[in-house]
Amino acid sequence: MSDKFFVDNVLSGRVAFVTGGGTGITGGVAGALAESGAAVALVSRKLEHLEPAAEAIRARGGEAMAVAADVRNIEEVEKAIAATTERFGKIDLVVNGAAGNFLCPAEELSSNGFGTVVDIDLKGTFNVCRAAFNELKRNRGQILNISATLHYVGTPLQLHVSAAKAGVDALTRHLAVEWGRYGIRVNAIAPGPIEDTEGMSRLVPLEVKEKLRRNIPLGRFGRIKDIEQAAIFLCSDAASFINGAILVVDGGQWLSSGRMLGG
Ligand code: COA
């Protein structure tokens, strides 16, 4: 969770359903939403990963609950939505951060490996949006999807994730158009390389880290706080006319794509 940064209580009275666990980017976003006044349901497969994050939010005076659900399973998602509305009375904000990732060359990737990541990232995002629709419609709520920039170029070893995130972008834009009439805003954030995340430590080999950093025009990796700030902005009334946007938060990294700064 970040140090206090946001306008006090900018999300006061809101209830957020955040998938993806209590650590890393989604953990940071959940904490920032709570700091901004929202009650937060933290949702992922394993309760033991969520409870400490929910407890940390409560210890700082926020409201949080932990709910176990695999986003691939629509029945589990529906139950998690019901548990959240029962506890907090409504849902008016959904953050889809649940994701799966590993590095694998396309020629070695199994059909099940490809499908597993697409199921978590893309079908999981659909499942949560679909299950939350009635609540979002009733409350003129918002959806924030966590995407990526991998699919803007061809990123080696990431075919499965790139395909899934391209789908998440399509879903973001389509739902923005279809559900805008209900006052539901649907946006996404596409983070670049964010330090101090599981993805960064597990997926980016040490030997390429420095080269990667040098190719970021701003000269540093992103921080979880950078994503938190973008998330609070997009979820707040300051973004009340922003719908269907995919906000890239990467220090200009994908635009440079190794073509500058001596990469
Ligand atoms: N390389 C190649 N294939 C892999 C793999 C790897 N490193 N890891 C998993 N797979 C394949 C498996 O072999 C399996 O396919 P198969 O049946 O053809 O062998 C398929 O993916 C499903 O794997 P499984 O472990 O059963 O899936 P799971 O649902 O338990 O786990 C994953 C989901 C695969 C995404 C797992 O990496 C995971 O849970 N990761 C933690 C969360 C995460 O990645 N967060 C994102 C941080 S950026």
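Which residues does R87 touch, not counting residues up to four places away in sequence?

1. R87 touches A64 and M65 under that condition, where contact means heavy atoms within 4.5 Å. The C-alpha atoms of R87 and A64 are separated by 9.9 Å, and the two residues are 23 residues apart along the chain. R87 belongs to helix α3, which covers residues 74–88. Helices are DSSP runs (H or I, at least four residues), numbered from the N terminus.

2. This is a predicted model, in which local features need pLDDT of at least 70, side-chain atom pairs count only at pLDDT 80 or more, and totals for chains, interfaces and linings use all residues. Residues are numbered from 1 along each chain as its sequence is written, and side-chain values use heavy atoms, with hydrogens and water left out.

3. The ligand is surrounded by 15 residues, and the closest are R72, N101, S110, N112 and R202. The shell divides into 4 nonpolar, 7 polar and 4 charged residues; Asp, Glu, Lys and Arg count as charged, Ala, Val, Leu, Ile, Met, Phe, Trp, Tyr, Cys and Pro as nonpolar, and the others, Gly among them, as polar.

4. Polar contacts are pairs of N or O atoms within 3.5 Å. One oxygen atom of the ligand is 2.6 Å from an N or O atom in the side chain of S110. For the side chain of R202, the distance from a ligand oxygen atom to an N or O atom is 2.9 Å. The largest share, 4 residues, comes from α4.

How values were computed: A residue is near a molecule or strand if one of its heavy atoms lies within 4 Å of it. A polar contact is a pair of N or O atoms within 3.5 Å; within protein, one must be able to donate a hydrogen and the other to accept it, and residues adjacent in sequence count only if both atoms are side-chain atoms. Helices (H or I, at least four residues) and strands (E, at least two) are DSSP runs, numbered from the N terminus.
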